Each structure stands twice: as structure tokens, then as C-alpha cells.
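Here is a short walk through one protein model. Take a look at it first, then read on.

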Amino acid sequence: MDARTTRICFPVSTINLLENTAQSWYDAGYINIRRRYSGGLTFLANYTWAKDLSNAPDFRSPMFESSIPQNNSALSAEKGPACDIRHRFSLSAVFDVPAWDRTGVVRAVTKDWHLSTVYQVQTGFPFTVSVFGDTANSGTVPG
């Protein structure tokens, strides 16, 4: 071995090969209601029902950590909820504020003002209990 050639070895416990073969399915329906009133008041309400499935285990993890499929040749066994937000409701309101004065500087400053608000609620992500780390005490790190 030549003095100029140095051999460098890194200890490797696990090598994971993640193939680009995952699939996902997303189905949704929504209702959108808009109402405009005289006097500059507008309401917009939206409800979405959705279902999101995937056979990629990383998306089902509670902390979005990488995880290994049980059998990489049968990803259909991994199919389950992905980043599934089943219900989402949002409501917004806009009010066109009338100008304070008919003429002059006050009108120039107070015209075309709008007050608005948005309220949104949704269900959470699916919950999966996970244990992190080397639970078998074998010296390997999953994921």
C-alpha cells in the first residue's frame, strides 16, 4: 500500500433503499356558499370532505419520519390513511366600510377600507403509536 493512498472506512449499520413506487389516492367533495348583502357585507362559507390514502409509509407516520415497509414487494399491504384531513370548514366575512365624509381630505383617507375575518376548523391527522430508536437493542436504527 502506497503512503499516498489512504483507506477510509465508515461504519454503516443499515442502508435503506426507498424506491419511487408509492401511490396515493385522494377523493374529495366540497360545498361553497357565497352571500352578498346590501351595505357592503359579504359572507363566504366552504366545507370540504376528503379521504386521502397512500401505500407510502412515510406519510402515515405521526412525525413524518422515514419508515421502512414490511414488504417492499407488496406495498398494497401498506395502504392506509395518509395526510388525511377528513373535514375542513372555513368561513370568511368582508365588510366594506363607508367613507366618513362626503368631501375633502377625510373622505380621501377613509374611502375604500375593508374589514375582514377568516375562521377555519379541521380534523387532525390520523394518530399512529410509534416507538422510536433501537427497541430491540440490536445496534441498528430503523428508518
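What percentage of the 143 residues of the protein chain count as buried? The figure is 14%. Buried means under 20% relative accessible area, exposed over 50%, and partly exposed in between (1.4 Å probe, protein chains only).

This is a predicted model: local features need pLDDT of at least 70, side-chain atom pairs count only at pLDDT 80 or more, and totals for chains, interfaces and linings use all residues. Residues are numbered from 1 along each chain as its sequence is written, and side-chain values use heavy atoms, with hydrogens and water left out.

Start with the overall layout. The protein chain has two helices and five strands. Along the sequence they follow the pattern β-β-α-β-β-α-β. Helices (H or I, at least four residues) and strands (E, at least two) are DSSP runs, numbered from the N terminus.

Now the contacts, meaning heavy atoms within 4.5 Å. Take those in the protein chain between residues at least 6 apart in sequence: 61% join residues at least 24 apart.

Next, go to strand β5, residues 113–122. This strand is hardly covered: of its ten residues, the count of buried ones is zero. Its partner is β4 (residues 87–97), which runs antiparallel to β5 and is joined to it by ten bridges. Two strands pair if DSSP finds at least two bridges between them. Here Asp96 stands opposite His114 in β5.

Finish with Tyr119, also found in strand β5. Tyr119 is partly exposed, because its relative accessible area is 47%.
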